[in-house]
Amino acid sequence: MYLFFATKRHSFSITNTMHGTDYQSKIEFTLHKRDHSLGLLWLICEIFCVGCLALAVFLLLMSCTPLEPNGPNTIEIKIEADSDFAKNTLELIQQSLKFATYLSNDLSSFANRSASDSILQQLDTLYNGNTYHLNTFGYCRQDQVGKKVGCYYSDGLNLIVCLLQDVGFQLRSITSSDNEIENQFVSLYYNAINQACSYRATTTFPCVLQLYNAYGKLVKWLAIAGICLPTLLFVISVLDLILYSFLGISSSLLYRIRLGTLSTCGVCLNIIYVMTYVTWSHIGLLVKQYEIGTVVFQKDNWVSLNIILAACFIALACQHGYRKR
């Protein structure tokens, strides 16, 4: 009898142990399934945020060009010359731009000096009331009545290049010339500054323009990286989603690549913001000092871009945290 009860108790103990083990396994399985689902959810959120980032960066950096003429601008400069001093300053700049046309070989191919003078009178670059919308890859110009004249590809944040190209585009349109006059002006300007400062590098005029030109080109390269990196990140994230959801593979290498790509993208975009803000703050002070207009730097767009960047980082960190469990 004693042996029977002892055997019974031993059997009951084994049964309880098995049930306890099964119960613990079920809990672990449930937790694993939950973490897998949450990791998958955060990965989908990351892909959505990265897609929004890629679209926002493209719209922000490619606006004010023939490809995206109606998007947001980075810099808006409006010509407003109310005082006599401002009007004289503006007239001097206009005459300087028109004088640059005499240095171009293109004019001599279709007109003599008297004809050139009549043509130059039709140019309305920097007329009082004109508005320029500048961005990384181009600019748009509005006339005195607010009508958009056109949008063009350019070193958009280099104001001097934009003005020279604007004169060139107008000359090309007025004279129906097949020559790319605007490119001649820009090349002439770059060559003149480089030759004048080839043996000295200072921050005085005109060599300070060499630094300004370098800023315009650097911003374009950073903008190219800023556009390409979110697109690359989106492709890698979709690949990670396929591996994780269908094959159950969680790659730490892909996570590090995505984190590095997103960080590099954020650095590039914010360098553009800082450089543009600092440079155009000085230009804005000059414009205000000579009373020839107003300069507006659009900060809100960059704030929104950084909010999307932060959302991407949060989604990336959360999905990685759940997938490590």
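I take buried to mean under 20% relative accessible area. The model I am reading is predicted.

**Entry 1**

I looked up C312. Its relative accessible area is 0%, so C312 is buried. I then checked its sulfur for a partner. The closest cysteine sulfur belongs to C49 and lies 5.0 Å away, too far for a bond. I noted the cut-off: a disulfide needs sulfur atoms within 2.5 Å.

**Entry 2: the disulfide**

How many disulfides does the structure hold? I found one. C140 and C151 are the partners, with S to S at 1.9 Å. The torsion about their S-S bond is about 110°, so I logged the disulfide as right-handed. I placed both ends: C140 sits in strand β3 (residues 138-142) and C151 in strand β4. The two cysteines are eleven residues apart, and the pair links distant parts of the chain. Buried or exposed? I checked C140. C140 comes out at 1% relative accessibility and counts as buried. C151 is at 13%, so C151 counts as buried too.

C162 has 0% relative accessibility and counts as buried.

**Entry 3: aromatic pairs**

I counted ring pairs and got nine. I took Y152 with F169. Their ring centres are 4.2 Å apart and their planes meet at 15°, so this pair is stacked. Y152 belongs to strand β4 (residues 148-153) and F169 to helix α4 (residues 159-175), so the contact ties together parts 17 residues apart in sequence. F169 counts as buried, at 19% relative accessibility.

I then took Y273 with F297. Here the centres are 5.6 Å apart and the planes lie at 40°, so I logged the pair as tilted. Y273 is in helix α7 (residues 252-289) and F297 in strand β5 (residues 293-297), so parts 24 residues apart in sequence are tied together. Y273 is partly exposed, with a relative accessible area of 23%. F297 counts as buried at 15%.

I also followed the ring pairs into a cluster. Y132, Y139, Y152 and F169 are linked in it.

**Entry 4: helix α5**

I checked the span of helix α5 (residues 181-196). At 1.5 Å a residue, its 16 residues should span 22 Å. The end C-alpha atoms are 23 Å apart, which agrees. Which residues of α5 are buried? I listed I181, E182, F185, V186, Y189, Y190 and I193.

Methods:
Residues are numbered from 1 along each chain as its sequence is written. This is a predicted model: local features need pLDDT of at least 70, side-chain atom pairs count only at pLDDT 80 or more; totals for chains, interfaces and linings use all residues. Side-chain values use heavy atoms; hydrogens and water are left out. Helices (H or I, at least four residues) and strands (E, at least two) are DSSP runs, numbered from the N terminus. The expected span of a helix is 1.5 Å times one less than its number of residues. Buried means under 20% relative accessible area, exposed over 50%, partly exposed in between (1.4 Å probe, protein chains only). Rings of Phe, Tyr and Trp (its six-membered ring) pair if their centres lie within 6.5 Å; planes under 30 degrees apart count as stacked, over 60 as edge-to-face and the rest as tilted.
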